[in-house]
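Trainee: I want to learn to read contacts and sheets from a model. Where do we begin?

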Amino acid sequence: MQKRRKSIIGLACLMSAMLIFSSCGKKAEEEKQDTQTQADTEKEEPKEKEGQGNLNIISPQAYSNVDGLTLEPGTYISLIGKEDGTEYWKMVKKGAERAVSELNSALGYKGEDKIKLNYSGPSESESVDEQINILDEELARYPNAVGIAIIDSNACSVQFDLAAENGIPIVAFDSGSDYQGLQSLCSTNNTEAAQTAAVNLATALDNKGKVLVFAHDSKSTTAKERQSGFADAIAKDYPEVEIAEVVYLDDLEEVKGLLAEEQNQEAKIKPDDEKAAQKEDFTDEQAIRYILEQHPDVTGCFTTNVDATQKVLSIVNEMKESKDTEQAEFAENLKMIGFDGGEAQMKALENGELEGLVVQNPYGMGYATVIACARSIASQGNEAVVDTGYVWVTKDNMDDKNISRILY
């Protein structure tokens, strides 16, 4: 009887062990299946390459890849921006470098056979003379193609004629001109982007009030298109919104002269006196502040690029700290919309200092410009205009995946 009891106990232990092992085995199998499912999901959704989001918004899409392009070993492409070293132009360079890298990889070029890229730009922001000097130097090296962001739409025609005589195609990017020999323009649709800014600023102002426009210059096509695009949208759809003044930041000499006159009058100095204040002594920031102070009834402001935005924003922030309560209140209530991205711009947006930003795609612009240059070199033809896209960014959407992957 005892022996039988031991057998029953042994059988029960064996069955318990089998259940435990079965349970463990089932759990292990489930974990294995979960791991496999996760691996399959990751396989189905490969990680997007850095900068791919920037390329996806280029139109036509033929300018977002190197498919079908064949260039000779050692091909030399020169890109000339409006400036060297700032965040925007660094992204242009980075996008261009990716395009060249992919071309070399696709064509199997190594060492001296590699397609070469040189990016350069004026050390002083938007210096027309320096840009022309750089263009002269690059043409003397006989590149296979040149991409240039034209600062002054009326400049460079002599250099472009020389390039045409030597069979060097010219592609414009960021900002073009009316020169007939340009192969293509790789740029933001500035008119449409400015209209987006107009709609959003008018909305922020409840569709009524006065606004100031600060344009970064009076020479480039980008400034002209953004200013006119904004003004046209306001005039067409927002009759109760008035543009009080358009201010060109390369044309502040008259304002500086007024400041000098006021200072001289306060000091009771005659204009021909050696001690008279000179307009050159006043900064752009002082001139901007003077303009803002002359428009106390303005409630909105549109700035057309990163330099204009940062200059105006710095003055507005100073005015917020003013002991003059009316001035401080004016600055606190001013609704601002600007252009371009970058760390300082994003911080201002996050802090609520800006209502929104129209952010361009400099990475995609650099990439598309290299592709346009390559197509010209290979005699494949080009679209007259390549739209490199933009995004409307606010504090509320800046962390959205589809937006954040394009920001810089």
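Mentor: Contact means heavy atoms within 4.5 Å. Leaving out residues up to four places away in sequence, Thr-299 touches Leu-205, Gly-209, Lys-210, Asn-333, Leu-334 and Lys-335. This is a predicted model: local features need pLDDT of at least 70, side-chain atom pairs count only at pLDDT 80 or more, and totals for chains, interfaces and linings use all residues. Residues are numbered from 1 along each chain as its sequence is written, and side-chain values use heavy atoms, without hydrogens and water.

Trainee: How many residues apart along the chain are Thr-299 and Leu-205?

Mentor: They are 94 residues apart, yet their C-alpha atoms are separated by 7.4 Å.

Trainee: Why does Thr-299 count as partly exposed?

Mentor: Buried means under 20% relative accessible area, exposed over 50%, partly exposed in between (1.4 Å probe, protein chains only). Thr-299 has 31% relative accessibility, so it counts as partly exposed.

Trainee: Which strand holds Thr-299?

Mentor: Strands (E, at least two residues) and helices (H or I, at least four) are DSSP runs, numbered from the N terminus. Thr-299 lies in β8, residues 298-303.

Trainee: What is the order of the strands in the open sheet?

Mentor: Two strands pair if DSSP finds at least two bridges between them. Here 6 strands run β7-β6-β8-β9-β10-β12, with mixed pairing.

Trainee: How many bridges join β6 to β7?

Mentor: There are 7, and β6 (residues 209-215) runs parallel to β7. Phe-214 has Val-247 in β7 as its bridge partner.
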